[in-house]
Each structure stands twice: as C-alpha cells, then as structure tokens.
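Grab a viewer and follow along.

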Amino acid sequence: MSNLGQGLLVTILVLSTSVWIGGYVAIGVVAHSAATTLDAAQRVAFFRTLGRSYLRVGTPALVIALASGAVAARDQPWNAALTTSVVVAALLVILLAVAVQQARRMTRLRQAALQADEDPATVPAIRRGRRSADILRATLGVLSVVLVVLGCFMAG
Ligand code: HEM
C-alpha cells in the first residue's frame with residue numbers, strides 16, 4: 001500500500017477507535033452523573049434515548065475500527081496475537097448485541113415497575129439484571145482495551 005493509503009488507513013483506525021473507547025468511557029461518566037441527579041423515571045427515559053442514539057454512533061465506529069484494523073493486519077503472519085485478536089473482536093461484537101438486548105429488557109422491566117408504582121431498585125429481576133449489565137459492560141470494556149493493546153503490539 002502507498003504511504004498515502006497507509007496514512008489514511010491509520011487515521012481512520014485511530015479516529016474510529018477513539019470514538020468507540022472515548023464514547024464508552026464518556027457513557028460511564030454520564031451514567032454516574034445520571035444516577036446521582038435524576039429520579040427513577042427520568043433515568044429510564046434518559047437512558048432509553050441515550051442508548052438508542054449512541055447505538056447509531058458507537059456501532060458504526062466499532063465496525064469501522066474492526067474493518068480498518070483487519071485491513072491494517074492483512075500482511076501480518078498468522079500467529080497467536082492475530083488469532084487472539086480475531087477471537088476477541090468476534091466476542092466483542094457478539095457481546096455488544098447481547099448487551100443491547102439486555103439493556104432493552106432492563107428498560108422494559110423498569111418501565112413496568114414504575115407503571116405499577118414500584119421502586120425499580122427493589123424488584124429482584126431488575127437487581128439481578130443490573131448485575132448482569134455491569135458484568136457485560138465491564139467485559140466489553142476489557143475486550144475493547146485488549147484489542148487495542150494487541151493491535152498496538154502487532155503494529156510495533
Ligand atoms: C458503545 C457502547 C454502548 C451502546 C451502543 C449502548 C446502547 C444502549 C442501548 C441500545 C440501550 C437500551 C435503550 C432502550 O431502552 O432501548 C442502553 C441502555 C443503557 N445503557 Fe448503554 N450502551 C453503551 C454503553 C454503556 C455504558 C458504558 C454504560 C454505563 C457504564 C451504559 C449504561 C446504560 C444504562 C444504565 C442503560 C439503561 C438500561 C439499564 O439499566 O441497563 N451503556 N444502552
């Protein structure tokens with residue numbers, strides 16, 4: 001690939017990875033602020049909108065990052081680092097789909113609790129779901145960082 005092509009590829013890879021990782025960290029900070037400033041009904045409405053809007057930003061950023069990473073790695077020898085990267089990338093995509101479905105289910109459970117005049121925080125299914133959501137989000141964050149580290153070591 002020419003120097004210009006290589007430069008463009010790395011630019012796309014760095015920008016899309018920044019959006020994915022930066023967005024992930026930013027939503028974590030926003031989630032903390034929302035939890036301390038909004039009441040239960042406002043929080044559900046807020047995350048419903050944020051989650052749906054961010055899906056249209058985060059998912060394309062992840063797809064572009066993975067695609068440009070795959071092009072950048074095309075001349076790499078097929079070794080343990082590359083195999084691990086492919087597995088981690090696949091897991092990331094699958095777990096993101098699972099996490100989005102789980103988050104939608106949580107929104108529905110919270111809406112039902114609020115309509116029944118219950119405090120969502122006291123509903124057992126919601127408490128269990130919160131733990132699963134936390135585990136899923138932490139795993140997605142770790143997989144994302146692992147992928148960046150693997151990519152940097154392969155490039156270095
Ligand atoms: C790129 C990453 C992310 C995407 C694409 C995403 C997407 C979504 C979607 C689609 C929903 C469901 C909205 C609905 O009700 O239809 C949602 C809900 C939610 N998201 Fe995210 N999200 C991301 C990262 C995060 C992170 C990092 C956190 C917090 C650390 C977070 C916290 C929440 C919360 C609290 C909800 C409400 C449902 C629940 O309590 O689990 N999200 N998100």
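Q: Why is G69 called buried?
A: A residue counts as buried if 20 or more other C-beta atoms lie within 10 Å of its own, exposed if 12 or fewer, and partly exposed in between, with C-beta atoms placed from the backbone. G69 has 22 other C-beta atoms within 10 Å, so G69 is buried. G69 is found in helix α2. One caveat: this is a predicted model, where local features need pLDDT of at least 70, side-chain atom pairs count only at pLDDT 80 or more, and totals for chains, interfaces and linings use all residues. As for numbering, residues run from 1 along each chain as its sequence is written.

Q: What does G69 touch, leaving out residues up to four places away in sequence?
A: G69 touches L13 and G151. A contact here is two C-beta atoms, placed from the backbone, within 7 Å. For A113, 44 residues from G69 along the chain, the C-alpha separation is 43 Å.

Q: What makes I64 partly exposed?
A: I64 has 17 other C-beta atoms within 10 Å, so I64 falls in the partly exposed class. I64 is also found in helix α2, and I64 touches I12 and S16, again not counting residues up to four places away in sequence. I64 and A121 are 57 residues apart in sequence, and their C-alpha atoms are 37 Å apart in space.

Q: Is D117 buried or exposed, and how do you know?
A: D117 counts as exposed, because D117 has 6 C-beta neighbours inside 10 Å. D117 sits in the loop between α3 and α4. The phi of D117 is positive, about 60 degrees, although D117 is not a glycine.

Q: How many helices and strands does the chain have, and what counts as one?
A: There are four helices and zero strands, so the pattern along the sequence reads α-α-α-α. Helices (H or I, at least four residues) and strands (E, at least two) are DSSP runs, numbered from the N terminus. The C-alpha trace spans about 65 × 30 × 20 Å along its principal axes. Buried residues make up 13% of the 156 residues in the chain. Of the contacts with a separation of 6 or more, 80% are between residues 24 or more positions apart.

Q: Why are α1 and α2 called roughly antiparallel?
A: Angles under 35 degrees count as roughly parallel, over 145 as roughly antiparallel, 65 to 115 as roughly perpendicular and the rest as oblique. α1 and α2 pack at about 160 degrees, with their axes 8 Å apart, and are therefore roughly antiparallel to each other. Axes are lines fitted to C-alpha atoms, for helices over the stretch in contact, and angles run from 0 to 180 degrees between N-to-C directions. The residues of this contact of α1 with α2 divide into 17 nonpolar, six polar and one charged.

Q: What makes α3 roughly antiparallel to α4?
A: The packing angle of α3 and α4 is about 155 degrees, with axes 8 Å apart, and that makes α3 roughly antiparallel to α4. The contact of α3 with α4 has 25 nonpolar, eight polar and three charged residues.

Q: What makes a crossing left-handed, and how does α2 pass α3?
A: A crossing is left-handed if the near helix is turned anticlockwise from the far one by less than a right angle, and right-handed if clockwise. α2 passes α3 in a left-handed crossing. Residues making the contact include F47, G51 and L55 of α2 and A103 and T107 of α3.

Q: Which residues are closest to the ligand, and what puts a residue in the shell?
A: A residue is near if its C-beta atom, placed from the backbone, lies within 6 Å. The ligand is surrounded by 19 residues, and the closest are F47, G51, G58, A103 and T107. α2 gives the largest share of the shell, seven residues.

Note on methods:
Nonpolar A, V, L, I, M, F, W, Y, C, P; charged D, E, K, R; others polar.
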